[in-house]
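These are my notebook entries on a structure I looked through. I kept each entry to one topic.

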Amino acid sequence: MKVSRSLKNVILIELFVPITLLILGIYHGLMQTVYRAGVIHQSSAVKLDYYQGLTLHGVINAVVLTTFFAVAFGHATITYYLKKEPNKKATWTSLILMVTGTLLAAYAMLAGKASVLYTFYPPLKAHPLFYIGTAMLIVGSWVPLFDWLNVYRQWKRENPHTKIPLAVLGTLVNFIIWFTCTLAVAYEVLVLLLPWALGFKATVNVTLARTLFWFFGHALVYFWLLPAYIMFYTMLPKIAGGKLYSDNAGRIALFLFLLLSVPVGVHHQFSDPNISQSSKWVSTILTFGVAVPSFITAFTLAASLEYAGKKNGAKGLFGWMGKLPYLDHNKYMFGYMIAGLILFIFGGLTGIVNSSYALNNVVHNTSWLPGHFHMTVAGPVFLAMIGMSLYLLSALTGKKIFLPKLNVVVPYLWMIGVLIFSAGLMYGGLMGEPRRTNLGMTYLNPNHELYHPQWVPSTLLALAGGIIMFAAGMCYFIVFFGTIFKKKTQEAEVYLPDSESYHDEKYIPLFNSFKPWIIMMVIIIIIAYVPTILDVLRLGGPGAPPHLPSSPTPGL
Amino acid sequence: MLDKYEGKAIGITAIIIMVFLFSLLYVTGKQKTDVVECVPYDKTYTTPRINQIDSTTYQVFAVAKMWNFEPSQIYVPVGAEVDFFVTSGDVVHGFNIAEKNVNMMAVYGGINKTTVKFTEPGIYKITCHEYCGVGHQNMQAEVIVNYPNNY
Amino acid sequence: MPGQHDTEEKFIPKGAIAFFMLLITLCVVIWYGIYYIMLERA
C-alpha cells in the first residue's frame with residue numbers, strides 16, 4: 001500500500017531518531033556491566049558518571065525508543081489496516097513535540113544535571129528541562145491517539161459490521177491505556193515536581209509522587225509490550241507459514257490488558273510506607289489477573305506455530321518446533337519474534353514472583369529485577385521493535401536489507417547474551433546484590449572494606465552476557481545503517497503480513513467496541529487506587545525539600 | 001465464542017493463580033513473612049535510637065541519610081526479636097537485610113515497620129538498594145548478633 | 001504433502017497443550033523456588 005511522502009518521512013524520522021540514540025543507550029548498558037563487575041573502580045568513565053549513564057540507559061532505551069516506536073508502528077498499522085492515513089498536521093505536531101522533548105531531556109541528562117534515573121523519584125531533583133522534556137514527549141505521544149480515533153470512527157461508519165482488524169484494536173487499546181496512565185505521571189511531573197524543582201514550592205509529598213509514578217509505571221510496561229503482542233498475533237503465524245489459532249483469543253487478551261494494565265501499579269510499592277497492606281493485597285490479586293492474557297497468548301501462539309509446523313510436515317508432539325523458518329534470511333522477522341518469545345517464557349514467569357505479595361521481599365530492588373526485565377522489555381519488546389524498525393525502514397525506502405545473513409543471526413545472538421546476562425543478575429539478586437549501584441566502587445572492589453566476594457561470579461556472568469548483547473547490538477547497527485545507505489531497488493510501500501485465523505469466530509459486538517471496557521477499566525482503577533491515595537494522604541508526614549544527587553544538604 | 005482448548009488454558013491458569021494465592025495467604029496467616037507494616041507518620045520516629053524492651057525484644061529506630069544509616073551498628077543477642085522502624089532524613093533510601101527478608105524503603109515523611117527474629121549469630125549487613133545520590137554505593141550498616149555476651 | 005490433510009480437517013493443538021503444561025510446570029517450579037527461599041530466610 002503506497003503512503004504519502006509526508007507520512008513516510010514522519011515514520012522514518014520516528015524510527016531513525018531513537019535507533020541513533022540507541023547507540024548511546026546500548027553503550028551505557030555495556031558500561032553498567034563493566035562498572036558492576038569491578039573491571040573499573042571509579043565513579044565515571046569518558047567524563048560520563050555511572051549514574052548519569054544509568055539514567056541515559058533507562059531513558060533512551062525504555063522511554064524514548066519505546067514511545068517513538070509505538071507511535072511510528074501505530075501510524076503503520078492504522079494506515080495499512082484501515083486504508084486511511086492519519087491527519088498530516090497531527091503526525092507532524094506529535095513528531096515535533098516528541099523530538100523537542102527528547103532533546104530537552106537529553107541536554108539535561110548529558111549536562112549531568114539530571115542523574116535521577118528514569119524513575120526520577122523525588123526528593124532527588126533534576127534540572128527543570130528534564131521534567132519539561134519528559135512532559136513534552138508524553139503529550140506528543142497523546143496527539144496520534146485522538147487522530148487515530150477519528151480515522152477509526154470514519155472506518156467504523158463505512159464498515160459497520162466488520163471486525164476491527166486485530167492490529168488496529170491492539171494499537172487503539174494500547175494508546176487508550178497509555179493516555180489513561182500518563183495522566184497520573186503528567187500530573188506528578190507538571191504539578192508536583194516542576195514547581196518544586198523551580199523553587200516555587202518548598203516541599204513535595206514523596207509517597208504521593210511515587211504512587212502517581214507507579215500508576216503510570218506498570219501500564220508503561222504494557223505500553224511497551226502491546227506492539228510486540230500485535231506483531232505476535234497478526235504477523236508471526238503468517239511468517240511461520242500457518243494461521244493464527246484463534247482470533248477471539250487475541251481480542252480477549254487485548255481487552256483484559258485494557259482492563260487490568262493500570263490498576264496494578266501498587267505492586268511496585270510493596271516495600272513502601274504509607275500504603276496499607278490491603279491495597280497491596282488488591283494489587284497482588286489484580287496482577288495475577290493481568291497474567292491471564294499472557295498465558296492465553298502463550299497458548300494461542302504455540303497452537304499457531306504448531307499449525308504452521310504441521311503445514312510444513314511436522315510430526316509428533318513437539319515436531320512442529322523443528323519445522324519453523326528460524327534461519328531463513330528472507331523471513332528475518334520470524335527470528336526477531338521467536339527469540340523474544342523464548343526470553344519471554346522466563347521473563348514472564350519471574351514477573352509473577354515479583355508481584356506475589358510477600359515473595360517480593362526476597363527480590364525487591366535487588367539485581368533480580370534487571371534480570372527479570374531484560375527478559376521482558378529488553379527481550380521480546382526490544383527484539384520486536386528493532387526487527388520491525390528494520391522491516392519498516394526497508395519497506396518505506398524500498399531498499400533491500402544490508403548483509404541479510406548477518407541480520408538473521410542478530411536476534412539469536414542477543415537472546416544468548418540476555419540469557420547469560422539475566423542468569424548472572426538473578427543469581428546475584430538472590431544473594432542480595434543491589435540494583436542501580438556502582439558496585440565496582442565498593443562491593444566489588446577487593447581493597448575496599450565493603451568488598452563482597454559472593455557477588456563476583458554473578459557480576460562476571462552479567463559482564464559476559466552484556467558483552468554478547470553489545471556485540472549483537474553492534475551487528476544490528478551495521479545492518480540498520482547499512483540498509484539506509486543502500487540504493488533503492490524496489491517499490492516503496494507499507495506491507496504488513498496479515499495472518500488469517502484458523503478459528504475466525506463471527507462478529508461479536510462486545511469484542512468490537514471500546515466503551516464498555518473503558519467503563520469497566522475506570523471502575524477497577526477506582527477500586528484499586530482510591531483507597532491507596534487516601535492511605536497516602538492520611539498516613540503521610542511532611543513533604544521533602546529538593547536534594548541534588550551530589551550533595552547531602554537540601555536546596556536547589 | 002472461544003475454542004474449547006483456549007478455555008482449558010484459561011481454566012488451568014486460574015487454578016494455578018488460586019494455588020499461589022492460597023500459599024501466600026497461608027504464609028501470611030502463619031506470621032512467617034509479610035510485607036512492611038503501615039505506621040502513621042509521627043515525628044518521634046525520626047530520631048535514631050535503640051530501645052531494649054526486655055531481654056530479647058528490641059526496637060530500632062533507623063534513619064537513612066545521604067550516605068549512611070543511623071545507628072550504623074546494632075548489637076543484639078542471639079534469639080533477639082527486633083522491630084525495625086525505618087524512615088529517611090532526605091531522599092529515598094533502601095533498607096535491605098537480604099539474609100533475613102527485611103526489604104523496606106526509607107522514605108521522607110513515611111515510617112516503615114517490620115519485625116525480624118535473629119536466631120543465628122553473625123554480622124547481618126543492612127544495604128541501601130535504592131539510588132540516593134553519588135554516595136549510594138557506600139551505604140551499608142550492620143546488625144551484629146553475637147553470643148549471649150552482648151559486647 | 002504428508003500432514004496436509006489433517007491440518008485442514010480438524011486441527012487439535014496437542015503440541016501446544018503439551019507446551020502449555022510445561023510452561024505451567026516451569027511457572028510453579030520458579031514460584032515455589034523463591035517461596036522456599038523466602039521461608040528459609042524468615
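Predicted model: local features only at pLDDT ≥ 70, side-chain atom pairs only at ≥ 80, totals over all residues.

I started at a contact between chains: A:Arg436 forms a salt bridge with B:Glu130, and their closest N and O atoms are 3.0 Å apart. I counted a salt bridge when a side-chain nitrogen of Lys or Arg lies within 4 Å of a carboxyl oxygen of Asp or Glu. Between chain A and chain B the count is 1 salt bridge.

Residues are numbered from 1 along each chain as its sequence is written, chains are lettered from A and ligands numbered from 1 in the order in which they are written, and side-chain values use heavy atoms, with hydrogens and water left out.

Entry: chain A against chain B. I looked up the polar contacts and found 26 residue pairs across this interface, both residues at pLDDT 80 or more. A polar contact is a pair of N or O atoms within 3.5 Å; within protein, one must be able to donate a hydrogen and the other to accept it, and residues adjacent in sequence count only if both atoms are side-chain atoms. On chain A, the elements that each supply at least two residues of the side touching chain B are α6 (206-234), β3 (244-246), α8, α9 (277-311) and α11 (360-363). Helices (H or I, at least four residues) and strands (E, at least two) are DSSP runs, numbered from the N terminus. The largest share of that side, 11 residues, comes from α9(A). The side of chain A that touches chain B divides into 41 nonpolar, 28 polar and 6 charged residues. Here Ala, Val, Leu, Ile, Met, Phe, Trp, Tyr, Cys and Pro count as nonpolar, Asp, Glu, Lys and Arg as charged, and the others, Gly among them, as polar.

I also noted that 75 residues of chain A are in contact with 53 residues of chain B, where contact means heavy atoms within 4.5 Å. The area buried between chain A and chain B is about 5,200 Å², with 66% given by carbon and sulfur atoms. Buried area is the accessible area (1.4 Å probe) that two parts lose on being put together, summed over both.

Entry: chain C against chain B. I found 15 residues from chain C and 17 residues from chain B in the contact. The buried area is about 1,500 Å², and carbon and sulfur atoms give 73% of it. The side of chain C that touches chain B has 14 nonpolar residues, no polar ones and 1 charged.

Entry: a helix pair in chain A. Helix α5 (residues 166-198) and helix α8 (residues 247-260) pack at an angle of about 5 degrees, their axes 9 Å apart. Axes are lines fitted to C-alpha atoms, for helices over the stretch in contact, and angles run from 0 to 180 degrees between N-to-C directions. α5(A) and α8(A) are therefore roughly parallel to each other, a label for angles under 35 degrees. The residues of this contact divide into 9 nonpolar, 2 polar and 2 charged.

Entry: backbone exceptions. A cis peptide bond joins A:Pro122 and A:Pro123, with omega about -5 degrees. The bond from B:Glu70 to B:Pro71 is cis, with omega near -5 degrees. A:Val46 is not a glycine, but has a positive phi of about 50 degrees.

Notes
Parallel < 35°, antiparallel > 145°, perpendicular 65-115°, else oblique.
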